[in-house]
Amino acid sequence: CVPIEPEDYELLVDADAGNADAQNDLAQLFLDANRPDIAIHWMQLAVEQEHPDAIHNLAILYMKGVGVRRDTTKGLMWLAKAASLGHLIAKQQVATLRIVL
């Protein structure tokens, strides 16, 4: 459904083998190809392994309603989770929210 470049075959194999970095990268590839339905699958697998980038990406998708029903509360929950795992951008976003609130 989405053309995969030869250099991305290894990414697909690694993602299928359970590599969270590869799963997150593959999810991004599908998001870039405007296939959030498939991206969510791979992102969820990385999230289950507590991959901070995947968790942050999932937070953003919930807040924007891309591939999932828009849910700011879930988005903020995932954002806080990413921050707690040390994701730098998520930490800054949470700190900004604390200042605003």
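**Entry 1**

Glu50 is found in the loop between α3 and α4. I take helices (H or I, at least four residues) and strands (E, at least two) as DSSP runs, numbered from the N terminus. Glu50 is not a glycine, yet its phi is positive, near 60°.

I then turned to Asn34, which also has a positive phi, of about 60°, although it is not a glycine. Asn34 sits in the loop between α2 and α3 (36-48). Its relative accessible area is 63%, and Asn34 is therefore exposed.

**Entry 1: basis of the values**

I note that this is a predicted model, in which local features need pLDDT of at least 70 and side-chain atom pairs count only at pLDDT 80 or more, whereas totals for chains, interfaces and linings use all residues. Residues are numbered from 1 along each chain as its sequence is written, and side-chain values use heavy atoms, with hydrogens and water left out.

Two packed helices are described by the angle between their axes and the distance between the axes. I read axes as lines fitted to C-alpha atoms, for helices over the stretch in contact, with angles running from 0 to 180 degrees between N-to-C directions.

The axes of α1 and α2 come within 8 Å and cross at roughly 125°. The two helices are therefore oblique to each other. The classes are roughly parallel for angles under 35 degrees, roughly antiparallel over 145, roughly perpendicular from 65 to 115, and oblique for the rest. α1 passes α2 in a left-handed crossing, a term used if the near helix is turned anticlockwise from the far one by less than a right angle, with right-handed for clockwise.

On the α1 side, I found Leu11, Leu12, Asp14 and Ala15 in the contact, and on the α2 side Ala22, Gln23, Asp25, Leu26 and Leu29. Contact here means heavy atoms within 4.5 Å. The residues of this contact divide into 6 nonpolar, 1 polar and 2 charged. In this division Ala, Val, Leu, Ile, Met, Phe, Trp, Tyr, Cys and Pro count as nonpolar, Asp, Glu, Lys and Arg as charged, and the others, Gly among them, as polar.

Helix α2 (residues 20-32) packs with helix α4 (residues 52-64) at an angle of about 30°, their axes lying 10 Å apart. α2 and α4 are therefore roughly parallel to each other. Their crossing is left-handed. From α2, Asn24, Gln28 and Leu31 meet Asp53, Ala54, Asn57 and Leu61 of α4. I record 3 nonpolar, 3 polar and 1 charged among the residues of the contact of α2 with α4.

I followed Asn24, whose place is in helix α2. Is Asn24 buried or exposed? It is buried, with a relative accessible area of 7%. Not counting residues up to four places away in sequence, Asn24 touches Ala46, His51, Asp53, Ala54 and Asn57.

Pro52 lies in helix α4 and is partly exposed, with a relative accessible area of 26%. Pro52 and Ser84 are 32 residues apart in sequence, and their C-alpha atoms are 8.9 Å apart in space. Beyond residues up to four places away in sequence, Pro52 touches Ala82, Leu85 and His87.

His87 is found in the loop between α5 (72-84) and α6 (88-100). At 10% relative accessibility, His87 counts as buried. Leaving aside neighbours within four places in sequence, I found His87 in contact with Pro52, Asp53, His56 and Ala82.

**Entry 2: the largest nonpolar core**

In soluble globular proteins, nonpolar side chains tend to be buried together. I define a nonpolar core as a set of buried Ala, Val, Leu, Ile, Met, Phe, Trp, Tyr and Cys residues joined through side-chain atoms within 4.5 Å. Which residues touch the most other members of the largest nonpolar core? Of its 29 residues, they are Leu26, Phe30, Trp42, Met43, Val47, Leu58 and Trp78. The elements that give two or more residues to this core are α1 (9-16), α2, α3, α4, α5 and α6. α3 gives the most, with 7 residues.

I checked the contacts of Val47, leaving aside its neighbours within four places in sequence, and found Ala54, Ile55, Leu58 and Trp78.

How values were computed: Buried < 20%, exposed > 50% of the residue type's maximum accessible area, 1.4 Å probe, protein only.
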